[in-house]
Amino acid sequence: MHGSHRTRARESLRETCRRMAYCFAMIRQASSFMTVFSTVRFSARDWRGHGYMIPILLAGGATAGAVALVAYLLWPTWSANGLSTPERLPISVGGAVFNVPAAAIRMNVQRHTGPQERIDLAFGFPSLDPPEAPKHVTAETVDEAQPIDRIFVSISAHHDALAPDARLRTIYPRYLEQAATTDDGLAMRAFRDGSPYSAEDLFTAGEPALTARCTRDTSTPGMCLSERRIDGADLTFRFPRSWLSQWRDVASAIDKLTAQLRGPRG
């Protein structure tokens, strides 16, 4: 169990121990009750017939009541729903706190609150809702290409690495071709062959703001990444290059996801 699950389990165990202590006290009282009536039975010499059965029956009834009380108090009160993961989790990455939808977290080991070095998320596009569970793949459908319909988001501590905007100003220009093209407000410059970003292109736009480094289409579709820095964490958004035909929607989606993950600021 993760942190919150372990906490609930410990609380349930402590509650059970308290109930057991209370139940043992009730049983001791019932035993004392039986002892009293037994003493009465043997000291009341003037009782006739089967009058001695009355205290025994009363003591037996008290014992049965104590047993029933034990069963009631020790009956499990937790359920699967009580240990379910909350809808949103507060997670700290690089000292920055994010309000993360639990269903969007791609790895189960990351689905817990508290500080983490990195978390990996996925959101449907354009809904920006956590995606549905992967579809079952059969032998008949394994070769069918499944279109990518989600934005992948990684949040990781940057440890004072060069910021994305600084990389755009100081690193990328060294490796870019001089020629640029603009289509519908989106500018593109290719990286030179032999550079660290060979076979990639840089896309930039001003309104809404978008910076994306994209691989080119080959036997596999090209993918783009766009980065944002928030305090001690870097957010990396990955999406298909083909989405640049609607780049304004993509830029708006990145802005919305950034705001939603940060949540309301105090």
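Author: Happy to; we can go from the overall fold to the core, the disulfide and the rings.

Reader: Great. How many helices and strands does the chain have?

Author: Keep in mind that this is a predicted model. The chain has four helices and 11 strands. Buried residues account for 32% of its 266 residues.

Reader: And which residues touch the most other members of the largest nonpolar core?

Author: Those are Phe98, Leu121, Ile151 and Ile155, in a core of 38 residues. Helix H4 (residues 247-262) contributes the most to this core, giving seven residues.

Reader: What is isoleucine 151 in contact with, leaving aside neighbours within four places in sequence?

Author: Quite a list! Among its partners are Leu121, Phe125, Leu128, Phe237, Trp243 and Leu257. Arg238 is in contact with isoleucine 151 as well.

Reader: Which residues does the second, separate core include?

Author: Tyr172, Leu176, Tyr197 and Leu202 are included in that core, which has six residues.

Reader: Switching topic: which cysteines form a disulfide?

Author: Cysteine 214 and cysteine 224 do, with their sulfur atoms 2.0 Å apart. The structure holds one disulfide. The link is right-handed, with 110° about the S-S bond.

Reader: Is cysteine 214 buried or exposed?

Author: Cysteine 214 counts as buried because its relative accessibility is 0%. Cysteine 224 is buried too, at 2% relative accessible area.

Reader: Now the rings. How many aromatic pairs are there in the whole structure?

Author: Six. One of them is tyrosine 175 with tyrosine 197, an edge-to-face pair at 5.9 Å centre to centre and 65° between the planes. Tyrosine 175 sits in the loop between helix H3 and strand S6, while tyrosine 197 sits in the loop between strand S7 and strand S8. These two tyrosines are 22 residues apart.

Reader: How does accessibility look for those two?

Author: Tyrosine 175 is partly exposed at 23% relative accessibility, and tyrosine 197 is buried at 14%. The cut-off for buried is under 20%, so the two fall into separate classes.

Reader: Which residues do ring pairs link into a cluster?

Author: Tyr172, Tyr175, Phe191 and Tyr197.

Reader: Last one: what lies over the face of phenylalanine 98?

Author: Arginine 262 does, at 5.5 Å from the ring centre. Phe98 is also one of the core residues that touch the most other members.

Definitions and conventions: Residues are numbered from 1 along each chain as its sequence is written. This is a predicted model: local features need pLDDT of at least 70, side-chain atom pairs count only at pLDDT 80 or more; totals for chains, interfaces and linings use all residues. Side-chain values use heavy atoms; hydrogens and water are left out. A nonpolar core is a set of buried Ala, Val, Leu, Ile, Met, Phe, Trp, Tyr and Cys residues joined through side-chain atoms within 4.5 Å. Buried means under 20% relative accessible area, exposed over 50%, partly exposed in between (1.4 Å probe, protein chains only). Contact means heavy atoms within 4.5 Å. A disulfide is a pair of cysteine sulfur atoms within 2.5 Å. Rings of Phe, Tyr and Trp (its six-membered ring) pair if their centres lie within 6.5 Å; planes under 30 degrees apart count as stacked, over 60 as edge-to-face and the rest as tilted. A charge sits over a ring if NZ of Lys or CZ of Arg is within 6 Å of the ring centre and within 35 degrees of the ring normal.
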